[in-house]
Amino acid sequence: MSHLELWWIKSTCSIFLLLSIPGVIGWGKEGHYATCKIAQSFLSEEALNAVKELLPETAEGDLASVCSWPDEIKWMHKWHWTSELHYVDTPDFRCNYDYCRDCHDSSGVKDRCVTGAIYNYTEQLITGYNASNSVVKYNLTEALMFLSHYIGDVHQPLHVSFTSDEGGNTIIVRWYKRKTNLHHIWDTDMIESAMKTFYDKDIDIMISAIEKNITDRWSNDISSWVNCTSGEEVCPDPWASESIKYSCNYAYRNATPGSTLGDEYFYSRLPIVEMRLAQGGVRLAATLNRIFDPYPSVSQKVAYFGKYPTCATHYLKLDVSQQTSFVN
Ligand SMILES: [Zn+2]
């Protein structure tokens, strides 16, 4: 039995629970698995060693096996504060994203959104890892799992989309014959349909096909995908800007409430889904490679990192007191 099957069985109950609650999960289980599996294949030796050191024992060295963890725990009382960190809402029909304007939770607390969370957990890993002579304030196992998950989420276009329809969650449509909502189609249904149609129902075959495109069709694009301007370790703002553009140009287009989406929608949007999974994977790898690169020093990285984002509140200092050990 493959690792994925084991993970699937372990997760089945919680996944059914998640699917029964309308629309708040990120990429579905397969999407996050794919993003992290792709990332792991592009890690440097230093980053791979650090990731393996930080992963919970139950992961058995496989980052992909824990990448849906933040979706499974966000329903729990203890973790409910993380549930608004999976997405960012933008003003309706503007089709743009601005960190300072948009990154806040429903109560208006600044920095509490997916891009803020990516800054936060990157900063925790940079300052916490190798900080042997200071008190380690953060749970770096959780920081790694949150960062890996949220970099996946910010690449799902409808995680950066309109406020009033809750990222397509309130847009009820049919996916072929089945009633669902637009957000769920992008999280899960298109990936599942692709697996059935093209990949023998096997996520690992789909991942191999995406990886082949990374080294082949998209090979000239990779440096522009992974580079952050000004040398910062992570740059979720341009990634979020891309997502809202894809939401407007592809996800929302021809997906009015009550419509039936089938072949035409599926075949024209699937290339976007596969490219966003690829971009999420290679950018997660590039981010982890920069975080765990021994050069420059941690203090130089923190100096760089402190510049972002540019609005006044800077990155989060997320609820450190609420973070406890990983419990599986
Ligand atoms: Zn999520």
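The structure is a predicted model, in which local features need pLDDT of at least 70 and side-chain atom pairs count only at pLDDT 80 or more, while totals for chains, interfaces and linings use all residues. Residues are numbered from 1 along each chain as its sequence is written.

The chain has 13 helices and five strands, where helices (H or I, at least four residues) and strands (E, at least two) are DSSP runs numbered from the N terminus. Of its 328 residues, 45% are buried; a residue is termed buried if 20 or more other C-beta atoms lie within 10 Å of its own, exposed if 12 or fewer, and partly exposed in between, with C-beta atoms placed from the backbone. Among contacts with a separation of 6 or more, 76% join residues 24 or more positions apart, a contact being a pair of residues whose C-beta atoms, placed from the backbone, lie within 7 Å.

Helix α7 (residues 140-155) and helix α12 (residues 263-292) have axes that come within 9 Å and cross at roughly 145°. These axes are lines fitted to C-alpha atoms, for helices over the stretch in contact, and angles run from 0 to 180 degrees between N-to-C directions. The crossing of α7 with α12 is right-handed; a crossing is left-handed if the near helix is turned anticlockwise from the far one by less than a right angle, and right-handed if clockwise. On the α7 side, S148, I151, G152 and H155 meet R276, Q279, G280, R283, L284 and T287 of α12. The contact of α7 with α12 comprises two nonpolar, six polar and two charged residues, with Ala, Val, Leu, Ile, Met, Phe, Trp, Tyr, Cys and Pro counted as nonpolar, Asp, Glu, Lys and Arg as charged, and the others, Gly among them, as polar.

The largest nonpolar core has 75 residues, of which V51, L63, V114, I118, L147 and Y150 touch the most other members, and α12 gives the most to this core, with 11 residues. Such a core is a set of buried Ala, Val, Leu, Ile, Met, Phe, Trp, Tyr and Cys residues joined through C-beta atoms within 7 Å. When neighbours within four places in sequence are left aside, I118 is in contact with L147, Y150, I151, V154, V234 and P236.

Strand β3 (residues 172-175) pairs with β4 in the antiparallel sense over four bridges; W175 has R178 of β4 as its bridge partner, and I172 stands opposite N181 in β4.

Most residues other than glycine have a negative phi. In the β3-β4 hairpin, which has two residues between its strands, Y176 in the turn has a positive phi of about 55°, and this residue is partly exposed, with 13 other C-beta atoms within 10 Å. F93, in the loop between β1 (88-90) and α5 (99-102), likewise has a positive phi, near 65°, and F93 is exposed, with 9 other C-beta atoms within 10 Å.

Notes. Two residues are in contact if their C-beta atoms, placed from the backbone, lie within 7 Å. Two strands pair if DSSP finds at least two bridges between them.
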